[in-house]
Amino acid sequence: PCRYDEYTTHAGSCYGALVEGVARCEGYSKSFMWAMWALDIPCMTVTGEAANGDQFLYSRHSWNIVQIDGTYCYLDTTYDDVEQGGEQFPISYGFFNVDQHSIEQSRETDALYLRLGVPECASMEKSFHVKNGSYLRAGEQAAELLAENLYRAVESGQNRAYLKTETDTQFYDLLDTIDTEVQDWLNENIGRACEYSWYSYGEARAVVIDLFF
């Protein structure tokens, strides 16, 4: 495992991420790129600014573009590894093989890359959430997809459900109703005591729900 820390000596290198287990975004993205190269998978790093909420708080950030079966996708291992105050949060996979639309609200790519040109990342079909059946597209309602993913989580024994929305409106509507939706689903489908907790990831428009029996 790798822990985020931007101030350690080797934080910007593969050595920091892979050997010392401590790195900042540069170390994360370089390590991922080298791992992909070792597997003969085309990959590059991209740099720019990353937003936290409505403010661009981090002057520099680094993430990746990877090519999978001819499809280019964005991937950000740093933002999918969320730790706050020593607590490790579930991975949302909200930045796992995603398109431009999924990152544009929280990224500003450096002008150099825009001048030189970067591959177009226009498809979500390789993303975790499309593959997992947990991607809520624009115009769809969250309740049905959330129920499907809760059912699958229980049936698989993993007891963890995911959901990622295509739009901000869908995401914030989901946050407003998620407790009611989960409680109703549990009351209708689970005949035993069950508690749950959920985590939201605004930049990724993603939610993770854990069930506890």
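This is a predicted model: local features need pLDDT of at least 70, side-chain atom pairs count only at pLDDT 80 or more; totals for chains, interfaces and linings use all residues.

Student: Let's start with empty space. How do we find it?

Tutor: Rolling a probe the size of a water molecule over the atoms shows where empty space is left. Here, look at the second largest pocket. About 230 Å³ of space lies in it.

Student: Which residues line the second largest pocket?

Tutor: The lining is made of Tyr28, Phe32, Leu75, Asp76, Thr77, Asp80, Asp81, Gln88, Ile91, Tyr93 and Phe96. Sort the lining by class. You get six nonpolar, two polar and three charged residues.

Student: Next, cysteines. What is a disulfide?

Tutor: A disulfide is a covalent bond between the sulfur atoms of two cysteines.

Student: How many disulfides does a search of the whole structure find?

Tutor: The search finds zero. Take Cys14, which is in no disulfide. Its nearest cysteine sulfur belongs to Cys2 and is 10 Å away. Cys121 is in no disulfide either. For Cys121, the nearest cysteine sulfur is that of Cys73, at 6.4 Å. A disulfide needs the two sulfurs within 2.5 Å, so neither cysteine qualifies.

Student: Is Cys121 buried or exposed?

Tutor: Cys121 has a relative accessible area of 4%. Buried means under 20%, so Cys121 is buried.

Student: You mentioned Cys2. Where does Cys2 lie?

Tutor: Cys2 sits in the segment before strand 1 (3–4). Now compare sequence and space. Cys2 and Ala23 are 21 residues apart along the chain, yet their C-alpha atoms are separated by 6.9 Å. Cys2 also touches residues beyond four places away in sequence: Ala17, Gly21, Val22, Ala23, Tyr28 and Asp81.

Student: Now the backbone. What should I expect of phi?

Tutor: Most residues other than glycine have a negative phi, and most peptide bonds are trans. Asp40 is not a glycine, but has a positive phi of about 60°. Asn97 is not a glycine, and its phi is also positive, at about 60°.

Student: Where is Asp40 found, and is Asp40 buried or exposed?

Tutor: Asp40 is in the loop between helix 2 (25–38) and strand 3 (43–52). Its relative accessibility is 71%. The cut-off for exposed is over 50%, so Asp40 counts as exposed.

Student: And what is the place of Asn97?

Tutor: Asn97 is in strand 8 (residues 96–98). Asn97 is buried, with a relative accessible area of 5%.

Student: How do I read the surroundings of a charged side chain?

Tutor: Find its place, check its accessibility, then list its partners. Arg205 is in the loop between strand 12 (195–201) and strand 13 (206–212). Arg205 is buried, with a relative accessible area of 4%.

Student: Which side chain makes a polar contact with the side chain of Arg205?

Tutor: That of Asp168, at 2.8 Å. A polar atom of the Arg205 side chain also lies 3.5 Å from the backbone oxygen of His101. Beyond four places in sequence, the contacts of Arg205 include Ser102, Gln105, Leu163 and Phe171.

Student: Can we stay with strand 12?

Tutor: Trp198 is in strand 12. Its relative accessibility is 27%, which counts as partly exposed. The side chains of Trp198 and Asp179 are joined by a polar contact of 3.1 Å. Trp198 and Val208 are ten residues apart along the chain, and their C-alpha atoms are separated by 5.5 Å. Val208 is one of the residues that Trp198 touches; others include Leu175 and Ile178.

Student: One last residue, please. Where does Thr78 lie?

Tutor: Thr78 lies in the loop between strand 5 (71–75) and strand 6 (83–84). Thr78 is buried, with a relative accessible area of 9%. Leaving aside neighbours within four places in sequence, Thr78 is in contact with Tyr4, Cys25, Tyr28, His61 and Ser62. Tyr28 is back again: Cys2 touches Tyr28 as well.

How values were computed: Residues are numbered from 1 along each chain as its sequence is written. Side-chain values use heavy atoms; hydrogens and water are left out. On a 1 Å grid over the protein atoms alone, a cavity is a set of points where a 1.4 Å probe fits but cannot get out, and a pocket is an open set with protein on both sides within 12 Å along at least five of seven lines; lining residues have an atom within 4 Å of a point. Grid points are joined across faces, edges and corners, and a volume is the space filled by probe spheres set on the points. Ala, Val, Leu, Ile, Met, Phe, Trp, Tyr, Cys and Pro count as nonpolar, Asp, Glu, Lys and Arg as charged, and the others, Gly among them, as polar. Buried means under 20% relative accessible area, exposed over 50%, partly exposed in between (1.4 Å probe, protein chains only). Helices (H or I, at least four residues) and strands (E, at least two) are DSSP runs, numbered from the N terminus. A polar contact is a pair of N or O atoms within 3.5 Å; within protein, one must be able to donate a hydrogen and the other to accept it, and residues adjacent in sequence count only if both atoms are side-chain atoms. Contact means heavy atoms within 4.5 Å.
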